[in-house]
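Hello,

Here is the structure I promised to pass on.

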Amino acid sequence: MNFLKTKKNKGQGVIEYAGALVIAAVLVAAVLAIGPDGIGQLFQNIMDTVEAFFTGELAAL
């Protein structure tokens with residue numbers, strides 16, 4: 001029953017974990033650079049764009 005056992009490469013989980021930490025650090029740095037006002041404005045821009053899209057789609061009906 002040797003074929004049922006899988007062999008993992010040593011250290012593979014550590015590399016994936018380190019990659020996830022780097023991505024999280026970049027996201028946190030971006031949020032801190034934008035600041036609370038910038039984030040609020042970003043979400044407002046997204047909502048305005050979504051609203052304009054759906055308004056245009058409903059008007060086309």
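Phe 53 counts as partly exposed, at 49% relative accessibility; buried means under 20% relative accessible area, exposed over 50% and partly exposed in between, with a 1.4 Å probe and protein chains only. Before you read on, please note that this is a predicted model, where local features need pLDDT of at least 70, side-chain atom pairs count only at pLDDT 80 or more, and totals for chains, interfaces and linings use all residues. Residues are numbered from 1 along each chain as its sequence is written, and side-chain values use heavy atoms, with hydrogens and water left out.

Phe 53 sits in helix α1, residues 12-60.

What does Phe 53 pair with? The ring of Phe 54: the centres are 5.3 Å apart and the planes at 70°, so the pair is edge-to-face (centres within 6.5 Å make a pair; planes under 30 degrees apart are stacked, over 60 edge-to-face, the rest tilted). The structure holds one aromatic pair. Phe 54 is partly exposed too, with 48% relative accessibility.

Buried residues make up 2% of the 61 residues.

Best wishes

Key:
Helix = DSSP H or I, 4+ residues; strand = E, 2+ residues; numbered from the N terminus. Phe/Tyr/Trp six-rings, centres within 6.5 Å; stacked < 30°, edge-to-face > 60°.
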